Protein chains: 2
Amino acid sequence: MRTLTIVSERHTYPVIVGAGALSRLPGVLDEAGLGGRHIAIVTDDTVRKQPIAEELVTALEQGSFTYSFIEIPAGDAHKSLDTAVSVYGELLAIGFRRSDVIVALGGGVVGDLAGFVAATYMRGVPFIQAPTTLLAHDSALGGKVGVNLPQGKNLVGAFYPPKAVVFDTRALLSLPQRQWVNGMAEVIKHALIGDADLFATLEAQPLRQCPDAAVLEPILADAMQVKVNIVNADEHETGLRQILNVGHTIGHAVEQCSDYELGHGEAIAIGLVLEADLAVMRGMLTMEARDRLVQLLLAHGLPIRPQERDFAEIAKRIQVDKKHGRRGWTFALPQAIGRVEVVSGVEEDEVRRVYQRALEGESA
Amino acid sequence: MRTLTIVSERHTYPVIVGAGALSRLPGVLDEAGLGGRHIAIVTDDTVRKQPIAEELVTALEQGSFTYSFIEIPAGDAHKSLDTAVSVYGELLAIGFRRSDVIVALGGGVVGDLAGFVAATYMRGVPFIQAPTTLLAHDSALGGKVGVNLPQGKNLVGAFYPPKAVVFDTRALLSLPQRQWVNGMAEVIKHALIGDADLFATLEAQPLRQCPDAAVLEPILADAMQVKVNIVNADEHETGLRQILNVGHTIGHAVEQCSDYELGHGEAIAIGLVLEADLAVMRGMLTMEARDRLVQLLLAHGLPIRPQERDFAEIAKRIQVDKKHGRRGWTFALPQAIGRVEVVSGVEEDEVRRVYQRALEGESA
């Protein structure tokens, strides 16, 4: 078990990572001054059936907490204001008070959506992130919560820190292969951003499926530490934190253009490669480093080429990205394995060239 | 011109009150580090036609700011997630970035809704409160933003402080009589909560319509100072700030039961009297103080008796109020002119008795 610490403007909170972490939840709640509160567990209809849901129930019962389940349909298409409205309604129906606690049990969709509900229901109630997917090792850290609009992803949201992140890695054992690999895309992203040693570890031993706890825990905790360090330095994304968006500017666009047929990690893998291509074209990154990234993604069975053939569709979606200033596009681009930089004033034409070349590469 | 200061967890910001305050907006924006940003003015279709909208345009043009208007329909019925969604859409359509600034120009509905949009669009953008009604001297202070759900008022929202409140009292000159009087209910509430001298001033000279700036400014600034002091002591309503809810627990319920035919201030006037009755019944408040309150409200032409005849309808709406704990109801009740206390564990039966008596009083 490893415990990391996030220092938010509002409060400092623990991130507990390891097999059996959920058994610590009652103690975590008590330490956060939330003893005796009613717990609303927001989860999706897939996670609800998994053993981890029962682990959570057992932990809450041992701590003598009362609880209710609120289920949402699984899938990013449901990370919407409509789903939030249905959760508000269920909370009101069970008489949920702003002194009570929401536990988000699930992957990134559940965490983002339940976190947004927690941030906005009665102007904010305490919540706990209990991620159950590898992907969520990323999204559960740093207090970003939100929902999608038809116009784009995460366009509505808040910075709203949880009272704790409790990541019980037992949940990962039941992950389907494709979901596991999707999560590895974010682990690789974190290594690329800030941990060259972790990158080399993964090169030496790619993790195409969930390994033993002894192997998993240090890798996962190291990847999370990269993000924790950045979030602690720039909670509200006024600067440094934007480097975490590497792969995401193009990644979100290809994800949307695929109508979410691409998994988030798959889309990010494609985005990472295209943004590395952009960095190479700008003379910021060596071709060798770019090739190491491509090889590591391929070694994990991740895609590296976009499917959407119409760049105009991609550009339209890049255009609405939150981090652009008023002139040109802003990207987080890799400079080396372990280093990423924010670059503004990127022209649509540069991205088009990179994109077209990737399309040709695919058909070559 | 008076300037008050609010110390929020996130930042400290000025509250500028007086005739011509809007002409200071460009300077305020510059001081807040928002020079050169694009300004989205969110307002309603009524305010848009009033002289104050042109005053704002003139001020922005003098400061060389670019701006766009986003209009919403006037009225509390439009303080909804649906309206928020339409504003998100318009912001996206004009290419509004998270470095840009929203100015909420209007009454409480516009301020709450535009503030909620500012709190959640791309996880939060800077905004300015520019209230144009007397009622909004209350709602624009303290960073509470939000929208209604069909189940109740303000059930979705956030604590999200503006970068400044610029209250140009010239806007009040064109207020219809009924809106003016509605606003006076909140001025009287603030006097009841924390300024017995202000209460006495209003008793000596009731303000049934907007007076000269020389009379208005000190009264308005004193009423706002009551709220500022409380908000500065308890921004997130963990305790003290709940006293600001006096009159609102029953007030919101009668407002909803009237299908918003009652104005907010009218509903609060009724709520203040009923909650004073409750305080008298509990031995907390003298009948003499209660009668002074009733007289002052009547002197301003405000209603003091509820219309809804079915208490069950009222009780249902009180039940979903945010501030209740898990046992009994929580009320902010007056103890004296100038003093209010939070009381929990109030039984439905007590409220029913008070309510039924008020109904009988009406028909007597």
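Reader: At what angle do helix 10 and helix 11 of chain A pack?
Author: In this predicted model, helix 10 of chain A covers residues 264-281 and helix 11 of chain A covers residues 287-299. Their axes are 10 Å apart, and the packing angle is about 170°.

Reader: Is helix 10 of chain A roughly parallel or roughly antiparallel to helix 11 of chain A?
Author: The two helices pack at an angle of about 170°. Angles over 145 degrees count as roughly antiparallel. Helix 10 of chain A is therefore, relative to helix 11 of chain A, roughly antiparallel.

Reader: How many charged residues are in the contact of helix 10 with helix 11 of chain A?
Author: Helix 10 of chain A contributes residues including Leu272(A), Val273(A) and Asp277(A), and helix 11 of chain A contributes residues including Arg290(A) and Leu293(A). By class, nine residues of this contact are nonpolar and none is polar, while the number of charged ones is two.

Reader: Which class describes the crossing of helix 6 and helix 7 of chain B, oblique or roughly antiparallel?
Author: The axes of helix 6 (residues 177-194) and helix 7 (residues 196-204) of chain B come within 6 Å and cross at roughly 135°. Roughly antiparallel would require an angle over 145 degrees.

Reader: How many nonpolar residues does the contact of helix 6 with helix 7 of chain B have?
Author: Residues of helix 6 of chain B in this contact include Met184(B), Ile188(B) and Gly194(B), and those of helix 7 of chain B include Phe199(B) and Leu202(B). The contact has one polar and no charged residues, and its nonpolar count is nine.

Reader: How many salt bridges does the rule find across the interface of chain A and chain B?
Author: At this interface, 41 residues of chain A are in contact with 41 residues of chain B. The area buried between the chains is about 3600 Å², with 52% from carbon and sulfur atoms. Arg98(A) and Glu237(B) meet through their side chains in a salt bridge at 3.5 Å, N to O. Across the interface of chain A and chain B, the number of salt bridges is four.

Reader: Which element of chain A supplies the largest share of the side that touches chain B?
Author: Helix 3 (81-93), helix 4 (108-120), strand 7 (144-149) and strand 8 (152-159) of chain A each supply at least two residues of that side. The largest share is six residues, and it comes from strand 8 of chain A.

Reader: How many residues apart in sequence are the parts tied together by Glu71(B) and Arg48(B)?
Author: The side chains of Glu71(B) and Arg48(B) form a salt bridge at 4.0 Å, N to O. Glu71(B) lies in strand 4 of chain B and Arg48(B) in the loop between strand 3 and helix 2 of chain B, so the separation of the parts tied together is 23 residues.

Terms used
Residues are numbered from 1 along each chain as its sequence is written. Chains are lettered from A and ligands numbered from 1 in the order in which they are written. This is a predicted model: local features need pLDDT of at least 70, side-chain atom pairs count only at pLDDT 80 or more; totals for chains, interfaces and linings use all residues. Side-chain values use heavy atoms; hydrogens and water are left out. Axes are lines fitted to C-alpha atoms, for helices over the stretch in contact, and angles run from 0 to 180 degrees between N-to-C directions. Helices (H or I, at least four residues) and strands (E, at least two) are DSSP runs, numbered from the N terminus. Angles under 35 degrees count as roughly parallel, over 145 as roughly antiparallel, 65 to 115 as roughly perpendicular and the rest as oblique. Contact means heavy atoms within 4.5 Å. Ala, Val, Leu, Ile, Met, Phe, Trp, Tyr, Cys and Pro count as nonpolar, Asp, Glu, Lys and Arg as charged, and the others, Gly among them, as polar. Buried area is the accessible area (1.4 Å probe) that two parts lose on being put together, summed over both.
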